[in-house]
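Here is a short briefing on one protein chain. Keep the sequence and the 3D view open as you read.

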Amino acid sequence: MPKHAPLAGPEPWPTELRVSADRRTLTVRFEDGSAHALAAEYLRVESPSAEVQGHNPSEKRTVPGKREVTIRAVDPVGNYAVRITFSDGHDTGLFTWSYLARLGRDHATLWPAYLAALAAKGLSRDRA
């Protein structure tokens, strides 16, 4: 990927995006040396799409049944994001570099919160 000078502030800039051979993990490395291996399931249930996030925090949807989802494609959108197409057909929402960095940085908070929301709603990672 080409070098990028941030326009304002320390926006993360990726140096590598790699989908694993089994299509279940996207590894993102940034210029600052940080790297995150993000599971396809995690990316899918935290998709930045309005379908998942809603239009405000109270509308966020808990998405069940995505344990077996894989990454079909990762397509660049301009020089600021990628569109991820998942094996269940979901492909809306743009994963910006800063959103991918946040998903990696905040995994220890976001993933347990997702699992707790599933449990509270009687939902499963295995079925919708």
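A salt bridge here is a side-chain nitrogen of Lys or Arg within 4 Å of a carboxyl oxygen of Asp or Glu. Lys60 and Glu46 form such a pair, with their closest N and O atoms 2.7 Å apart. The model is predicted. By the salt-bridge rule, the count comes to twelve.

- Is Glu46 buried or exposed? Glu46 is buried, because its relative accessible area is 3% and buried means under 20%.
- Lys60 has 34% relative accessibility, so it counts as partly exposed.

**Arg61 and Glu51**

- Arg61 and Glu51 also meet in a salt bridge through their side chains, at 3.8 Å from N to O.
- This pair, too, links distant parts of the chain: Arg61 is in the loop between α2 and β4, and Glu51 is in helix α2, ten residues away.
- Arg61 is partly exposed at 39% relative accessibility.
- Glu51 is partly exposed as well, with a relative accessible area of 42%.

- Arg44 lies in helix α1, which covers residues 40-45.
- Its relative accessible area is 4%, so Arg44 counts as buried.
- The side chain of Arg44 makes a polar contact of 2.8 Å with the side chain of Asp88.
- Which residues does Arg44 touch, not counting those up to four places away in sequence? They are Glu51, Val52, Val63, Lys66, Val69, Phe86, Asp88 and His90.

**The three-stranded sheet**

- Now look at the open sheet of three strands, in the order β1-β2-β3 with antiparallel pairing.
- The edge strands are β1 (14-19) and β3 (35-39), and each pairs on one side only.
- On average, neighbouring strands of this sheet are turned by 15 degrees against each other, direction ignored.
- Strands of a sheet pair through backbone hydrogen bonds, either parallel or antiparallel.
- How many bridges join β1 to β2? There are five, and β2 takes in residues 25-30.
- Glu16 stands opposite Arg29 in β2.
- Glu16 also takes part in a salt bridge with Arg18, at 2.3 Å from N to O.
- Arg18 is exposed, because its relative accessibility is 52% and exposed means over 50%.

- Ser98 is found in helix α3.
- Ser98 is partly exposed at 31% relative accessibility.
- Beyond its neighbours within four places in sequence, Ser98 is in contact with Glu11 and Pro12.
- Ser98 and Ala108 are ten residues apart along the chain, and their C-alpha atoms are separated by 17 Å.

Notes:
Residues are numbered from 1 along each chain as its sequence is written. This is a predicted model: local features need pLDDT of at least 70, side-chain atom pairs count only at pLDDT 80 or more; totals for chains, interfaces and linings use all residues. Side-chain values use heavy atoms; hydrogens and water are left out. Two strands pair if DSSP finds at least two bridges between them. Helices (H or I, at least four residues) and strands (E, at least two) are DSSP runs, numbered from the N terminus. Axes are lines fitted to C-alpha atoms, for helices over the stretch in contact, and angles run from 0 to 180 degrees between N-to-C directions. Buried means under 20% relative accessible area, exposed over 50%, partly exposed in between (1.4 Å probe, protein chains only). Contact means heavy atoms within 4.5 Å. A polar contact is a pair of N or O atoms within 3.5 Å; within protein, one must be able to donate a hydrogen and the other to accept it, and residues adjacent in sequence count only if both atoms are side-chain atoms.
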